[in-house]
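Hi there,

Here is the structure I promised to pass on to you. Please open it alongside this email, and my notes follow below.

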Amino acid sequence: MPRVFRMALWGLVFIIPATLGFLRLPYYGIGPGPVRDVAPLIRFDGLERFDSGGRFVLTTVRWQQLTPLMAVRVWLDDTWRAVDREELFPPGLDRDEELALSMAQMDQSQIHAASVVLQELVGYPDEHRPGALVEVAFPPCPAYGRLFPGEIVTAIDGEAVGSLDEADRLLEGAEAGEELRFDVLSGEERRQVAIAPRRCVDGEDDAFFGVRLVATFPIDVSIESADVGGPSGGLMFAIALYDLLTPGDLTAGATIAGTGTLDLDGSVGAIGGIDDKIVAAQDADASLFLVPRENLKELRSVDTGDMRVVPVETFDEALDALRQAGGDDEAETVPLTA
């Protein structure tokens, strides 16, 4: 065999497997992910902490963009499935933007969880600290990628922001193209960012910054993401935080799993990958699984074994379900300490 052909053959031997292993397809593999104990992820100051005898666990879905070799593995494993990219992300995002969006959704879900619980227990938002909390920034508006969920706006154009109302007043007075300087507290770091409103909403002639602010919390609350992205942790973050802030034990000593988005008004929304999360909850030996009512129809053909599945539409319904299962919480309000 001529030397050139031998070299070409050896090249194919190395190139084809490499191509099959690294060529990225426009599909993602989705399967059951690990569960995360929620209570250890939550930190707060200014209120007493009441740990429980059981566990609240957050169920997750593992996803990964497929290569040809990985696609074969997904096809052979009946706990995984392949889906189009559009089922996971809006069109037009690259991989870094996909990850950033997923983590921003997680940060927003944590804000919603803390907001709902503090409304129940400590008189929030009437009770708040100075500044205005960034809940979300909307693409493609100017604030997107400049302000991030969880940051606190402390001043706008040199004027201190003492409340959400003051922040709204300063933003509403801005004209299109008029740049405002935001003083922002991001964790322990302070920074400044200049943003000008512009037209960015379809069908609207007005100019917008594209950021939604909420009242700051009256206490320091932080929830770690545990390397999990997306919005579906809101319900379980809220349940676990509520249990930590109140005497009694909502778990009744059991392992409670669940999933669901949580809006600021306490409503629980549907999530994706519910079949995979059921598997994850069963693997964690959960006795009860809280599921958004909108997802219930997807579980009609799913074997949930001995695990009780409870559909809920609101945060309060979830609390009631846990009380009916033997859990208890002994305080309706929690006094703030200095």
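Predicted model: local features only at pLDDT ≥ 70, side-chain atom pairs only at ≥ 80, totals over all residues.

**The open sheet**

Let me begin with a sheet of five strands, which is open and has mixed pairing; its order is S2-S4-S14-S17-S18. Strand S2 (36-37) and strand S18 (308-312) are at the edges, and each has a single partner strand, so one side of each lacks a neighbour in the sheet. Further in, strand S14 (residues 255-258) and strand S17 (residues 288-292) run parallel and are joined by three bridges. If you want a residue to look for there, isoleucine 256 has leucine 288 in S17 as its bridge partner. Helix H6 (residues 274-283) lies across S14, S17 and S18, and its direction makes an angle of about 165 degrees with S17.

**Two packed helices**

Next, have a look at helix H5 (residues 234-245) and helix H7 (residues 315-324), whose axes are 11 Å apart and which pack at an angle of about 55 degrees. On the H5 side you will find Leu235, Ala238, Ile239 and Tyr242, which meet Phe315, Ala318, Leu319, Leu322 and Arg323 of H7. Sorted by class, this contact has eight nonpolar residues, one charged residue and no polar ones.

**Aromatic pairs**

How many aromatic pairs does the structure hold? There are three. One of them is formed by tyrosine 124 and phenylalanine 217, which are edge-to-face, with 5.3 Å from centre to centre and 65 degrees between the planes. Tyrosine 124 is in the loop between helix H3 (95-121) and strand S7 (132-137), while phenylalanine 217 is in the loop between strand S12 (211-215) and strand S13 (221-223), so this pair ties together parts that lie 93 residues apart in sequence.

**A hairpin and its neighbour**

Finally, strand S10 (residues 180-186) is worth a look. Four bridges connect S10 to strand S8 (residues 152-156), and the two run antiparallel. S10 is also antiparallel to strand S11 (residues 189-195), with seven bridges between them. Phenylalanine 182 shows both pairings: isoleucine 156 stands opposite phenylalanine 182, and valine 193 in S11 is a bridge partner of phenylalanine 182. S10 and S11 form a hairpin with two residues between them, and glycine 187 in the turn has a positive phi of about 65 degrees.

Enjoy looking through it!

Best wishes

Definitions and conventions
Residues numbered from 1 in each chain as written. Heavy atoms only, no water. Pairing = 2+ DSSP bridges. Contact = heavy atoms within 4.5 Å. Axes fitted to C-alpha atoms, helices over the stretch in contact; angles between N-to-C directions. Nonpolar A, V, L, I, M, F, W, Y, C, P; charged D, E, K, R; others polar. Phe/Tyr/Trp six-rings, centres within 6.5 Å; stacked < 30°, edge-to-face > 60°.
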